[in-house]
Amino acid sequence: MRVNALEGETIEDIRAVQLYSQDALIEMINANTHLDKVLADRCQLVQDIEARAEVLKVPAYQFLWGDMLAWGVCVDEEPARGIGYIEDAANQGLPAALEQLGRYYANGTLVQEDKERAVVYLREASALKNLKAQIQLVELFLAGYGSPYDYEDAYHWLHNAITNDKAQHKKIASYLDELETLMHPKAVRAAKRPMDS
């Protein structure tokens, strides 16, 4: 792909961009910098990203391609098609895709608001140790959505959550206190078990 120099750039400033490794892409997705990276790389990898999503069906690339389509980053905006690719990534178990779909359904972003559907996606992402999903899941439970049968799992995940963000730590403690008031004391004791037990 030919890349033209921007004003003030020299040929030395322009370089070919290497395709992202799966691990690097997942880190970018988790940090929500994946679309910024594609833009910073001047959309040079669009065809490679599309091929890895459509042909190879790599979950991280399906997610990236879906997000690009959903928001019109380097390609024409096609939200329905984009959500389809994000769903494909979620169906392969990509925690970030499950979390994003859960958030979108909870807030009505690009899709119709559906809190119960959000709970399903967020529960799956939570089981895969996605902290953002765990927090959002408990927020939905505290708002009256979901099933009380899932409170023990949600409490267990948050009780064992690890974060160095003091504000997030405080929020988790507050949510645990609130969730505890909705649970039987025996369920709370069971939920406080170590993560791998």
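Student: Which residues have the most contacts inside the largest nonpolar core?
Tutor: Keep in mind that this is a predicted model. In general, nonpolar side chains in soluble globular proteins tend to be buried together. Here the largest nonpolar core has 59 residues. Those with the most contacts inside it are Tyr20, Ile49, Leu64, Trp65 and Met68.

Student: How are helix H3 and helix H4 oriented to each other?
Tutor: H3 covers residues 46-54 and H4 covers residues 59-71, and their axes come within 8 Å. The axes cross at roughly 120 degrees. Angles of 65 to 115 degrees would count as roughly perpendicular and those over 145 as roughly antiparallel, so H3 and H4 are oblique.

Student: Which residues of H3 and H4 make that contact, and what is the handedness of the crossing?
Tutor: From H3, the contact is made by Val46, Ile49, Glu50, Arg52, Ala53 and Glu54. H4 brings Tyr61, Gln62, Leu64, Trp65 and Met68. As for the handedness, the crossing of H3 and H4 is left-handed.

Student: Now the loop between H2 and H3. What is the phi of arginine 42 there?
Tutor: As a rule, most residues other than glycine have a negative phi. Arginine 42 sits in the loop between helix H2 (34-40) and H3, and its relative accessibility of 28% makes it partly exposed. It is not a glycine, yet its phi is positive, at about 60 degrees.

Student: And cysteine 43: what is its relative accessible area?
Tutor: Cysteine 43 also lies in the loop between H2 and H3. Its phi is positive too, near 60 degrees. Buried would need under 20%, so cysteine 43 counts as partly exposed, with a relative accessible area of 22%.

Student: On to aspartate 150. Is it buried or exposed?
Tutor: Aspartate 150 is in the loop between helix H8 (131-142) and helix H9 (151-159). Its relative accessibility is 18%. The cut-off is under 20%, so aspartate 150 counts as buried.

Student: With which side chain does the side chain of aspartate 150 make a polar contact?
Tutor: Leave out residues up to four places away in sequence, and aspartate 150 touches Arg123 and Phe141. The polar contact runs between side chains at 3.0 Å. The partner is arginine 123.

Student: How far apart are the C-alpha atoms of tyrosine 145 and lysine 115?
Tutor: Tyrosine 145 is in the loop between H8 and H9, and at 30% relative accessibility it counts as partly exposed. Beyond its neighbours within four places in sequence, it is in contact with Lys115, Glu116, Val119 and Leu140. Tyrosine 145 and lysine 115 are 30 residues apart along the chain, and their C-alpha atoms are separated by 6.8 Å.

Student: Which side chain does threonine 163 join through a polar contact of 2.8 Å?
Tutor: Threonine 163 is in the loop between H9 and helix H10 (166-180). Its side chain reaches the backbone nitrogen of aspartate 165 at 3.1 Å. Leaving aside neighbours within four places, its contacts are Leu131, Gln168, His169 and Ile172. The 2.8 Å polar contact is with the side chain of glutamine 168.

Student: How are H9 and H10 oriented to each other?
Tutor: Their axes are 10 Å apart, at an angle of about 155 degrees, and the crossing is left-handed. Tyr151, Ala154, Tyr155, Leu158 and His159 of H9 make the contact with Ile172, Tyr175, Leu176, Leu179 and Glu180 of H10. Anything over 145 degrees counts as roughly antiparallel, so H9 and H10 are roughly antiparallel.

Student: Last one: how many helices does the protein chain have?
Tutor: Of the 197 residues, 41% count as buried, and the C-alpha atoms fill a box of roughly 65 × 35 × 30 Å along the principal axes. The secondary structure has zero strands. The helix count is 11.

Note on methods
Residues are numbered from 1 along each chain as its sequence is written. This is a predicted model: local features need pLDDT of at least 70, side-chain atom pairs count only at pLDDT 80 or more; totals for chains, interfaces and linings use all residues. Side-chain values use heavy atoms; hydrogens and water are left out. A nonpolar core is a set of buried Ala, Val, Leu, Ile, Met, Phe, Trp, Tyr and Cys residues joined through side-chain atoms within 4.5 Å. Buried means under 20% relative accessible area, exposed over 50%, partly exposed in between (1.4 Å probe, protein chains only). Helices (H or I, at least four residues) and strands (E, at least two) are DSSP runs, numbered from the N terminus. A polar contact is a pair of N or O atoms within 3.5 Å; within protein, one must be able to donate a hydrogen and the other to accept it, and residues adjacent in sequence count only if both atoms are side-chain atoms. Contact means heavy atoms within 4.5 Å. Axes are lines fitted to C-alpha atoms, for helices over the stretch in contact, and angles run from 0 to 180 degrees between N-to-C directions. Angles under 35 degrees count as roughly parallel, over 145 as roughly antiparallel, 65 to 115 as roughly perpendicular and the rest as oblique. A crossing is left-handed if the near helix is turned anticlockwise from the far one by less than a right angle, and right-handed if clockwise.
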